[in-house]
Amino acid sequence: MDPRPDAPRAEAAHARHVRWVFLALGWGFFALGVVGVVLPVVPTTPFMLLALWAFSRSSRRFHDWLYTHRVLGPPLQRWQRERAVPAWAKAVALVSMAASTGYVALVVRPPWYGLLATGTIVAAGLVYIVRLPTSQRRR
């Protein structure tokens with residue numbers, strides 16, 4: 001027997017708080033993914049994958065809604081099924097990242113440390129994308 005009589009209630013309250021944190025994360029990632037639909041610089045699918053993960057820990061209803069969504073669901077389902085990124089999607093991501101970095105360097109012209117930070121983040125993203133398995137089928 002637990003020496004603390006309120007332990008089950010405290011654990012339930014903690015679980016509720018954690019659920020709300022994951023739910024907020026899910027909607028935050030979803031919002032970033034929607035921004036990615038409009039802005040080609042921001043990736044959509046990785047944010048939707050993160051939203052799906054957060055919803056899986058907080059809300060079965062929102063998880064199922066996103067996973068079966070008419071427009072957003074198929075790339076998520078394909079990722080779960082194949083665990084690979086289509087070659088065309090990799091190419092678009094790499095070109096977009098390079099173009100964005102070029103824009104920042106030539107038009108925005110941040111200080112050297114801003115450009116270094118941007119380059120480091122983009123390089124990490126490039127390495128990550130290139131290392132993902134490539135699916136050959138285009139859908």
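R60 forms a salt bridge with D64, with 3.3 Å between the closest N and O atoms. By salt bridge I mean a side-chain nitrogen of Lys or Arg within 4 Å of a carboxyl oxygen of Asp or Glu. The structure holds one such bridge. Why is about one helical turn between R60 and D64? Because they are four residues apart in helix α3. R60 is exposed, at 66% relative accessibility, while D64 is partly exposed, at 31%. Here buried means under 20% relative accessible area, exposed over 50%, and partly exposed in between, with a 1.4 Å probe and protein chains only. In general, side chains of opposite charge can pair when their charged atoms come close.

A word on provenance. This is a predicted model, in which local features need pLDDT of at least 70 and side-chain atom pairs count only at pLDDT 80 or more, whereas totals for chains, interfaces and linings use all residues. Residues are numbered from 1 along each chain as its sequence is written, and side-chain values use heavy atoms, with hydrogens and water left out.

Now the overall layout. The chain has six helices and two strands, arranged along the sequence as α-α-α-α-β-α-α-β. These elements are DSSP runs numbered from the N terminus: helices are H or I with at least four residues, strands are E with at least two. Of the 139 residues, 27% count as buried.

Which residues make up the largest nonpolar core? There are 12 in all: L23, F29, F30, F47, M48, A51, L52, F55, F62, L66, L72 and L76. Such a core is a set of buried Ala, Val, Leu, Ile, Met, Phe, Trp, Tyr and Cys residues joined through side-chain atoms within 4.5 Å. Helices α1 (7–38), α2 and α3 (60–67) each give two or more residues to this core, and α2 provides the largest share, five.

G73 sits in helix α4 and is buried, at 0% relative accessibility. Its C-alpha lies 9.9 Å from that of L49, although G73 and L49 are 24 residues apart in sequence.

Most residues other than glycine have a negative phi. R83, however, has a positive phi, near 50 degrees; R83 lies in the loop between α4 and β1 and is partly exposed, at 48%. R109 likewise has a positive phi near 50 degrees, lies in the loop between α5 and α6, and is exposed, at 63%.

Finally, the largest pocket. Its volume is about 1,200 Å³. Of the 36 lining residues, the closest to its centre are P43, T44, T45, P46 and A93. On a 1 Å grid over the protein atoms alone, a pocket is an open set of points where a 1.4 Å probe fits, with protein on both sides within 12 Å along at least five of seven lines; lining residues have an atom within 4 Å of a point. Helix α5 gives the most to this lining, 10 residues.

Conventions:
Points joined across faces, edges and corners; volume = space filled by probe spheres on them.
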